[in-house]
2 protein chains.
Amino acid sequence: MMTSLPTRVHIKEEGPREGFQIEKGPISTDQKIRLIDALADTGLDHIQVTSFVHPQKVPGMADAEAVVAGLTPRPGVLYTGLWLNQRGLERVIATGRLHLEGKLTLYASNAFLKRNQNRDPAQQLAAQPELIAMYQAHGIPVRTGFVTAAFGCNFDGDVPVDRVVGLVADMRAIARDHGEDLGLIGLGDTMAWATPERIRHVVGAVQDANPDVALSLHLHDTRGLGLANAYAGLQMGVAHFDAAVAGLGGCPFAAHAGAAGNICTEDFVFMCEEMGIETGVDLEKLIDCAILAEDIVGHPLPGKVKTGGSLAALRARRPGA
Amino acid sequence: MMTSLPTRVHIKEEGPREGFQIEKGPISTDQKIRLIDALADTGLDHIQVTSFVHPQKVPGMADAEAVVAGLTPRPGVLYTGLWLNQRGLERVIATGRLHLEGKLTLYASNAFLKRNQNRDPAQQLAAQPELIAMYQAHGIPVRTGFVTAAFGCNFDGDVPVDRVVGLVADMRAIARDHGEDLGLIGLGDTMAWATPERIRHVVGAVQDANPDVALSLHLHDTRGLGLANAYAGLQMGVAHFDAAVAGLGGCPFAAHAGAAGNICTEDFVFMCEEMGIETGVDLEKLIDCAILAEDIVGHPLPGKVKTGGSLAALRARRPGA
């Protein structure tokens, strides 16, 4: 397989959403807004700011509208929200301040699909046209697809690569049949089963079958391989990554396995920039955001560069410099 | 550059030495012995158990002799100790229980060399024959070399790859001139300046110039790239790695940059085994050691698989299995 690093990566910052969602809190609306505004000032151009989920199910996200109303939109930054159903989408639209993107999601784990959505694979596919119709009714283009648990699942074990390739083909076909075109396909390592070699294998297979789409990776760091997996993705030319500032989204020291969040944004930015891959992000400002995030949640977060430091200051102070 | 993973890796476990050295402690001799004996029971076949350094400089290592006397040697396991000078070596020899290997170490950072050893590069080279003579006087073969700060240095900035290649050539020539042959060359990312691409570049250059020696990597995780760097090393065919159980050797939440330890042994073993690379280590037993290590130091340690869990149990419990 080839090694062909992208020259530029695009990062979707998920810290404020995925991160604060899991925190016991309470985290004040003002603190959330403060972090989001600080993130938007780093050069990050896509920030998922909150979840429009049922306030009784996720009390920490009950202030979704207030968060969106309170942030100071920065030109060039896409602010998005997560929704899981029509009611959520309507709430997002009602804010009038969030970027809307239609997205299809398929589960590669049949057991996880059953558990989360009480559907079998055929029912999952059958449900997509209605979703597309919902987007179309609101004039929202459907451009992205996502495969959940694409690398393995705690409830279903290893996921065959053919199943992932098949699901991507299915979702593209369904989209096309309804006048939509998926240009970006995300692969989620939801439960941290991936290894770098597995990333290369699955990404390679999806690329071979879909040379005309861009891929993105959503990598959880539960077993510590997040950045190694991201590097493997970069080697395959993947240029879109989800990440969470400071590694928000879980405490690595929690006693349950599902605890770790996405790859840490500033660690990933550090790795990319040091390898000559442009991120558009000011690492020093992002480190300040990571320290702020840790301050807000009130416990250690797993990102390392926020304590290890960048190399810029060290290079500047060396005798010969 | 090629991607050619080794089929088997060899791990030198440094947790008990590098890890306990940095802990404020006090950690009892019994606890140290307990961890070492447990590690020897996992299949790890090389464990660096303690440092023979001046007890007033490193009080936590004052019990070096007692640790060695107390462990239960397991057949097939190499137990080694660290020494920095003739007095240390004599103490190691006096234990009568440690594997002895002569090792030459050169600093790739001139500023760090000056700071730590008060030598310039020429003085560093000039000092090596005396070291070889010391080993030879004790009948210890000199088979390994090590380059400190091979990828960059907080005090010296980026380290040119030619300097590393030159130092390896120098140490091999000095060894040869004195009847010794270095078969294993270690490259140390002492201050965590490496990226995966840098690993590939430097390892590749050293390999090209030394096709007849094996390389090992000693990777600190201060900036979170430890396992990504290890993966890059594996891709280059590197089959020898230093590691520390649970990531012992520093607390990632310490306020100073030099705080992080080596790559975490169980996370590395997990990555290798999941990619089909044999380690000879029982991961479940090693996870127990990591939990024990955390227990002993009394604060969270950075390894992730010890909380995230291996995949073996999850595979076993899935419906179809």
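This is a predicted model: local features need pLDDT of at least 70, side-chain atom pairs count only at pLDDT 80 or more; totals for chains, interfaces and linings use all residues.
User: Which elements of domain 1 touch domain 2?
Analyst: Strand E3 (78-83), helix H4 (86-95) and helix H11 (265-274) of chain A each supply at least two residues of that side. By class, the side of domain 1 has 17 nonpolar, 8 polar and 5 charged residues.

User: How much area do the two domains bury?
Analyst: About 2300 Å² between them. Carbon and sulfur atoms carry 65% of it.

User: Back up. Where are the domain bounds in chain A?
Analyst: Domain 1 covers 1-100 + 244-321, and domain 2 covers 101-237. The contact takes 30 residues from domain 1 and 22 residues from domain 2.

User: What separates their centres?
Analyst: 22 Å, taken over C-alpha atoms.

User: Switching to the two chains. How is chain B laid on chain A?
Analyst: By a turn of 180° and a shift of 0.0 Å along the axis, with an RMSD of 0.0 Å. That is the relation of a two-fold axis.

User: Which residue of chain B comes closest to the rotation axis?
Analyst: Ala228(B), with its C-alpha at 1.9 Å.

User: Why say the copies meet through the same surface?
Analyst: Because 100% of the interface residues of chain B are also interface residues in chain A.

Note on methods: Residues are numbered from 1 along each chain as its sequence is written. Chains are lettered from A and ligands numbered from 1 in the order in which they are written. Side-chain values use heavy atoms; hydrogens and water are left out. Domain bounds come from an automatic or database domain assignment. Contact means heavy atoms within 4.5 Å. Buried area is the accessible area (1.4 Å probe) that two parts lose on being put together, summed over both. Helices (H or I, at least four residues) and strands (E, at least two) are DSSP runs, numbered from the N terminus. Ala, Val, Leu, Ile, Met, Phe, Trp, Tyr, Cys and Pro count as nonpolar, Asp, Glu, Lys and Arg as charged, and the others, Gly among them, as polar. Copies are superposed by least squares on the C-alpha atoms of residues with pLDDT of at least 70 in both.
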